Amino acid sequence: LTAQDINSTTLTTTGGVTVGNGLTVSDGNVVMASGHGIDFSADSNASGMTSELLDDYEEGTFTPAYNAGLGGVNGYSVQQGTYTKIGRLVTFAIHIRANAGSNSGSEQVKIGGLPFNNGGSANEGGAFFNYRDNLDTGGAPFLHIGQNTNIIHWFNSSGGNWVGSDGAGILNKDFHINGFYFV
């Protein structure tokens, strides 16, 4: 068949189809059945390789929120999250500012609401500040996403919990956070 012979058709085969000299889609999308994807097995394999199938891509938004570290949060002036998931890798960006509540001196600061749980076999996942609105007192916290959670935990430089009153408090502070983890 030539391109001129095909206007709109469904090709059904049990043996697969081989296309020589590449495939061009001039309009529309290539749709994969669930559980299938693009197979890169023709490439060389690295030691420890477990898959060469790109079987997922997704973009979206989520609503981050303080789970702990602020007492009685009852308002946000900014509460935005975006993510991209490619295969097992999730990258995200957060912009958050709580403007009503109180700095809590005893609870570890935690931001929840990430779109998926961290499903890595180890504690794989972390985040960093792009902007940390005047959070210099006491040094900046380290941000970590623990295994099987969708929560960012804040730690101080000695590995202890960063609490809501550390760093002159977090209430009314603008934070831009980027990070990654695996599902």
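This report covers the aromatic ring pairs of a predicted model.

## Basis

The model is predicted, so local features need pLDDT of at least 70 and side-chain atom pairs count only at pLDDT 80 or more, while totals for chains, interfaces and linings use all residues. Residues are numbered from 1 along each chain as its sequence is written, and side-chain values use heavy atoms, with hydrogens and water left out.

## Rings around phenylalanine 129

The structure holds eight aromatic pairs. Rings of Phe, Tyr and Trp (its six-membered ring) pair if their centres lie within 6.5 Å; planes under 30 degrees apart count as stacked, over 60 as edge-to-face and the rest as tilted. Phenylalanine 129 and tryptophan 154 form an edge-to-face pair, because their ring centres are 5.5 Å apart and their planes stand at 85 degrees. Phenylalanine 129 is in strand β8 (residues 125-132) and tryptophan 154 in strand β10 (residues 152-155), so this pair ties together parts 25 residues apart in sequence. Strands (E, at least two residues) are DSSP runs, numbered from the N terminus. Both phenylalanine 129 and tryptophan 154 are buried, meaning under 20% relative accessible area (1.4 Å probe, protein chains only).

The rings of phenylalanine 129 and phenylalanine 175 have centres 5.6 Å apart and planes at 45 degrees, so that pair is tilted. Phenylalanine 175 lies in strand β11 (residues 175-182), so its pair with phenylalanine 129 in strand β8 ties together parts 46 residues apart in sequence. Phenylalanine 175 has 0% relative accessibility and counts as buried.

## A ring cluster and a charge

Phe62, Tyr83 and Phe116 are linked into a cluster by ring pairs. The charged end of lysine 85 sits over the ring of phenylalanine 116, 5.8 Å from its centre (NZ of Lys or CZ of Arg within 6 Å of the ring centre and within 35 degrees of the ring normal).

How values were computed
Helices (H or I, at least four residues) and strands (E, at least two) are DSSP runs, numbered from the N terminus. Buried means under 20% relative accessible area, exposed over 50%, partly exposed in between (1.4 Å probe, protein chains only).
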